[in-house]
Amino acid sequence: MNSAFDDIKEGDEHIITHRGFSRTDFVKYAGAGGDFNPIHHDESFAKMSGNESVFGMGMLTASMLSRVLTDWFGATSVKKYAIRFKSRLWPGDNVVFKGVVSKIYEEDGVKHVDIDLSATNQKDEVLIQAQGTCRPWVPQ
Amino acid sequence: MFGSPVALINPPGLPVERGKIHEFSNAIGDANPMFHDEIAAKAAGLPSVVAPPTYCATQAFFATPDQAKVMMELGLDLRFVLHGGQEFEFVRPLFAGDQLTPHQGEISSYTKEGKRGGLMKFVDIYSHFTDQNGNVVVRIKNTIIQTGGVVKE
């Protein structure tokens, strides 16, 4: 169904970038995703908790990182997606979202691709590390 | 906890909605037509628009508005709580029109010595969603970490 699976090789990469994350990005994700922890939108609450400012939800960064998989292998391709949060996303950050194919194999006769994923800011700090598994999926 | 009241019990069979998928996809800057355009999705042989992989984290948030209460019961201080990780395992993709029912699984908590000293408390929360046919469609593990502050055993 998706040709990305046909000629894929270990070490292949796919990259997405997002420049200048804003507080508005955080608020849009709060509304869309339902995370109303004030630490992500209320500057005085965030400062009272010892932070320089509000910071982005881990799931915002993780959701944008998942786009590497769906852009590359298709909207229905994701079988597994496991995320570990490492550093926080701050207003103004420029972030590179990257996937690298680590393994290609067959399971029940279906091609599977494992992908190592990371989101990295302009200071080369890793915000998220993740692992994805994609396979072609067609309606049964 | 954050002001206005919210429903404490989420109704089973919460629908995955096109409008919510559209809003969510826009919030993550994703213009993939399979997330927005029902005609394009149907032309591709799909029942409707696809929900992005992390969309069900939003469902999970709506499913457990008592998460704040769970955190309090576990002795976590919201000011110092971070999201440590999340894992999704999909049996199939989710589509607009699906009706999901959340099921809370096991909660396990443990403490570890932090790299900069001090105890860190980890809480793993397992859950899964079933669809309108009663089949499990996605399994989720959510890890919450409390760093700093006063960690209670």
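A nonpolar core here is a set of buried Ala, Val, Leu, Ile, Met, Phe, Trp, Tyr and Cys residues joined through C-beta atoms within 7 Å. Keep that in mind for the views below, which come from a predicted model.

**View 1. The largest nonpolar core, with 58 residues.** Which residues touch the most other members of this core? They are Leu65(A), Val50(B) and Cys56(B). As for where the members come from, helix 3 of chain A, residues 58-73, gives the largest share, with nine residues. There's also a second, separate core of five residues, and among its members are Leu76(B), Val81(B), Val123(B) and Ile144(B).

**View 2. Val50(B) and the residues it touches.** Leave aside anything up to four places away in sequence, and Val50(B) touches Ala75(A) and Thr76(A) in chain A. In chain B, the residues that Val50(B) touches are Met34(B), Phe35(B), Ala41(B), Pro93(B) and Phe95(B).

**View 3. Helix 1 of chain B, residues 18-27.** Have a look at Ile21(B), Phe24(B), Ser25(B) and Ala27(B): they're the buried ones in this helix. Down the axis of helix 1 of chain B, the buried residues fall within an arc of 155°, so they line one face of the helix. As a general point, an α-helix has 3.6 residues a turn, so residues three or four places apart point the same way. After helix 1 of chain B comes Gly29(B), with a positive phi near 65°.

**View 4. Strands 1, 3 and 4 of chain A.** Start with strand 1 (residues 13-18) and strand 3 (residues 95-107) of chain A: they run antiparallel and are joined by six bridges. One pair to pick out is Ile15(A) with its bridge partner Lys98(A) in strand 3. Now move on to strand 4 of chain A, residues 110-121, which runs antiparallel to strand 3 and is joined to strand 3 by 12 bridges. Here, Gly99(A) has Leu117(A) of strand 4 as its bridge partner. What sits between the strands of the hairpin formed by strands 3 and 4 of chain A? Two residues do, and in this hairpin Asp108(A) takes a positive phi near 50°.

**View 5. Chain B from end to end, with five helices and five strands.** Follow the sequence and you'll read β-α-α-α-α-α-β-β-β-β. Chain B has 153 residues, and 31% of them count as buried. Take the contacts in chain B with a separation of 6 or more: 68% of them are between residues 24 or more positions apart.

Definitions and conventions. Residues numbered from 1 in each chain as written. Chains lettered and ligands numbered in written order. Predicted model: local features only at pLDDT ≥ 70, side-chain atom pairs only at ≥ 80, totals over all residues. Buried ≥ 20, exposed ≤ 12 C-beta atoms within 10 Å, placed from the backbone. Helix = DSSP H or I, 4+ residues; strand = E, 2+ residues; numbered from the N terminus. Contact = placed C-beta atoms within 7 Å. Arc of directions from axis to C-beta. Pairing = 2+ DSSP bridges.
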